[in-house]
Amino acid sequence: MEHVQERASTGGPEGSALELLVHGVGGTTPEKMLDDPRAVRITGDDTAAMFRRAEDVEGADTGPAGPRSEPVPEAYVWCNLTSGNASRALWLLLLPFMVVNLTHWMRPAARGRTRTVRLYGLLVRLAGLSLTVLLVAAVCEVAVDLTAWQCAGTRACADRHTWLGFLSPTVSGGGWWSDPGRRLALAALLPAVLTCLLWYLSHRTWNAYESQAPMSRPSEPDEETARTALGRPGFWYGRRLVARLRAAHTAAALLTVAAAVGSAAARFDRRPGGPALLDLLGRALIVALAGGAVMTVWVVCRRGRSENRLDRELDEHLVRRLPLAALGLLALTLVYAGWERPGWVSSGRLPGDATFGGIALVQGLIVIVLAVVAHLLHRTHPDPRAAMRGLGGPAVAMLACALGGVMSGGVSQRVADWLDGTGSSIAGPPVLLTWQSSVIPPLIVVLLVLIAWLGRRTWQLRRTELAVVESDYPDKPKDRTRTRGIATTRALATLTDRAPLIVAVTSATTLLLGAGALVGALTTGRTPSEAAQESYAFVQGAAETSQALGSWLIGVGFILFVTWGRRAYKDASARRTIGILWDVGTFWPRAAHPFSPPCYAERAVPDLTWRVATWTRKTGGRLVISGHSQGSVLAAAAAWQLTPADRRRVALLTYGSPIERLYGRWFPAHFGPAALSALHHDVACWRNLYRPTDPIGGPVRLSGDCGPEVDHEPLSDPLAYGRTERHPLPTPILGHSDYQADPAFAEERAKLLSRLRPDVPAQR
């Protein structure tokens with residue numbers, strides 16, 4: 001069997017032809033891709049592998065009648081990298097981390113602005129660090145402040161929740177754990193365990209993804225690779241940076257827990273007449289925590305990605321010692337806080353307004369400076385197709401910070417409502433978190449208005465498309481139902497092009513609402529409902545409704561997340577549906593946040609590169625990479641990673657491709673016009689198929705004569721308007737799927753193969 005797989009993997013005799021199929025979002029099976037129930041894995045593992053039909057394993061390129069006219073189909077199945085593992089659905093809870101990581105790759109294209117580009121990356125990494133601190137601070141608020149400090153320290157709340165009885169001084173009769181410092185130390189274990197869990201998940205995926213070394217090759221001259229960073233040797237090998245960021249974020253999280261516990265004890269020790277030794281220890285710990293915070297920020301700012309070479313070095317001392325030092329400080333802080341302090345009682349809330357207010361202010365400043373930097377980069381080389389005129393990255397960063405703030409505020413308010421059934425026994429979360437959860441209903445109202453406007457514009461476009469559809473099928477008997485169905489599908493497909501408007505409105509609204517929440521919390525010092533008590537009845541009712549709905553909406557959202565996560569363990573189809581969300585969001589390496597979902601392309605792109613390079617060098621045959629949807633993006637990334645000689649012996653056939661419609665607009669520095677034009681000239685030939693009914697795929701839109709060379713004219717969908725001799729039954733509207741059903745697919749593939757010649761580059 002090993003001999004059979006070896007022969008199949010090499011490809012066969014010279015003059016052979018291979019079509020390497022790469023599927024798109026949502027995944028599929030090798031049997032469907034090869035249109036054969038007898039698919040055989042020839043290389044790879046259970047995570048990602050290459051498959052062929054059983055009849056093609058032996059004698060892959062010749063048959064009994066001699067050379068075959070059709071290429072050998074070979075399927076690369078990578079769906080298990082994103083949606084095959086049930087635990088992947090739980091990454092939904094860390095959505096802000098994934099969103100801020102996307103921001104790093106959304107910078108505008110700019111050549112000769114190295115320092116400005118580095119500043120952009122630095123700001124994004126700092127935004128990612130602030131999100132880690134915000135997440136851990138929110139967990140500390142729930143566990144340390146609301147539960148251990150407020151509820152356990154209040155008789156009415158502790159009586160309502162009997163599981164807190166051993167922490168309550170009145171219920172337990174002054175038990176050992178009822179001391180305020182010991183309660184805080186015990187509750188701090190929850191955010192500490194969460195931090196360790198995040199470290200474990202990041203380390204495990206780091207071993208599985210970032211540690212996969214791509215094919216080693218020399219770096220090309222700057223003038224050839226400067227058009228996109230995806231062609232650099234070390235682009236898909238972020239092992240060193242992720243390890244550094246993981247150490248820094250883990251240390252920041254542990255230091256945040258230590259600060260939440262230690263500051264409360266140090267504040268009590270600084271009272272007049274307090275114990276001098278404990279006061280000195282408290283001050284020393286605060287200084288040590290501040291020093292650790294400075295060191296953590298320095299590690300994040302010190303080094304970015306190294307893409308020009310395979311950076312196999314690993315800062316082992318830093319990666320190990322920084323988290324261990326932070327863990328040691330946390331242990332010392334817990335011992336310090338647990339020391340017996342007569343007369344210390346818990347009352348009110350821990351001072352978290354300054355903490356959360358500072359985080360919100362820093363995040364807002366980062367987003368504003370990031371927008372200025374992005375604007376400067378965009379002005380250097382303006383791209384009219386770039387989303388939001390180059391401000392897509394700052395807008396998405398704003399959404400990431402807003403998601404973190406809203407989730408923190410909503411969860412804290414929901415837990416406070418659950419603990420305090422009467423609404424009067426505990427003080428509740430910091431005022432700022434209540435304000436942040438209260439902005440959710442106004443934001444939803446704005447989004448509903450935007451959706452209504454988009455629906456109206458789509459309806460108007462549908463009416464225009466009715467006439468276009470009738471002109472596309474002039475000689476066919478008119479069927480109003482059929483025409484309406486085609487026009488509606490075309491109109492809905494254009495909603496993808498409205499994504500920049502949706503992101504712009506949402507990010508601007510969240511920025512204004514977030515600034516208003518920060519100002520309201522700092523100026524009034526009260527919750528929205530309390531601050532509106534002296535206002536008009538309508539304003540007071542709106543404030544109370546918004547405050548109540550905000551916490552409930554977050555609770556419903558988390559219930560949905562947990563429900564989807566549980567379904568992912570039991571239902572494979574649900575697991576694949578949830579995994580589609582990551583096919584786009586986790587294409588990019590982890591460059592800004594180590595706790596974001598892992599990058600599947602760091603495994604898929606090297607797989608494709610190795611396969612293409614070894615097959616073409618071994619056989620000298622003709623190879624067409626046939627990529628659908630997200631698979632076309634992987635195909636382009638793999639082509640960029642080939643040597644110039646190998647690249648000129650490969651043809652690209654993309655269909656339903658978002659390479660320009662989504663990636664070109666949102667990631668202009670890597671998939672902009674210059675990068676795609678360079679790809680067209682570097683490979684032997686390239687053809688792109690798309691439909692007007694496809695909501696994801698679209699034309700590549702190269703300028704000049706390159707455009708018609710790459711883009712096929714829009715394919716008809718459906719294939720037949722009515723019943724014909726070739727299609728006696730009504731044909732479906734295919735949209736984004738089943739491009740192989742169109743005769744143009746086989747025709748364009750044959751043309752690509754005819755332009756390729758064995759052992760020599762194709763002539764243009």
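Start by selecting Asp738, which is partly exposed at a relative accessible area of 42% (buried means under 20%, exposed over 50%, partly exposed in between, with a 1.4 Å probe and protein chains only). You are looking at a predicted model, where local features need pLDDT of at least 70, side-chain atom pairs count only at pLDDT 80 or more, and totals for chains, interfaces and linings use all residues. Residues are numbered from 1 along each chain as its sequence is written, and side-chain values use heavy atoms, with hydrogens and water left out.

Stay on Asp738 for a moment: its phi is near 55°, a positive value in a residue other than glycine. Asp738 sits in the loop between H28 and H29 (helices are DSSP runs of H or I with at least four residues, strands are runs of E with at least two, and both are numbered from the N terminus).

Now pick Pro718, found in the loop between helix H28 (706-710) and helix H29 (743-755). The peptide bond from Asp717 to Pro718 is cis, with omega near 5°. Next, go to Arg701, in the loop between strand E9 (685-689) and H28. Phi of Arg701 is near 65°, positive in a residue other than glycine. For background, most residues other than glycine have a negative phi, and most peptide bonds are trans.

Jump to Arg757, in the segment after H29. Arg757 is partly exposed, with a relative accessible area of 47%.

Last stop: the second largest pocket, with a volume of about 1,300 Å³. Here a pocket is an open set of points on a 1 Å grid over the protein atoms alone, where a 1.4 Å probe fits, with protein on both sides within 12 Å along at least five of seven lines; lining residues have an atom within 4 Å of a point. Points are joined across faces, edges and corners, and the volume is the space filled by probe spheres set on them. Select Arg107, Val117, Ala229, Arg232 and Glu307, which lie nearest the centre among the 43 lining residues. Helix H5 (114-151), helix H9 (222-225), helix H26 (668-671) and helix H27 (673-682) are the elements giving two or more residues to that lining. H5 provides the largest share, six residues.
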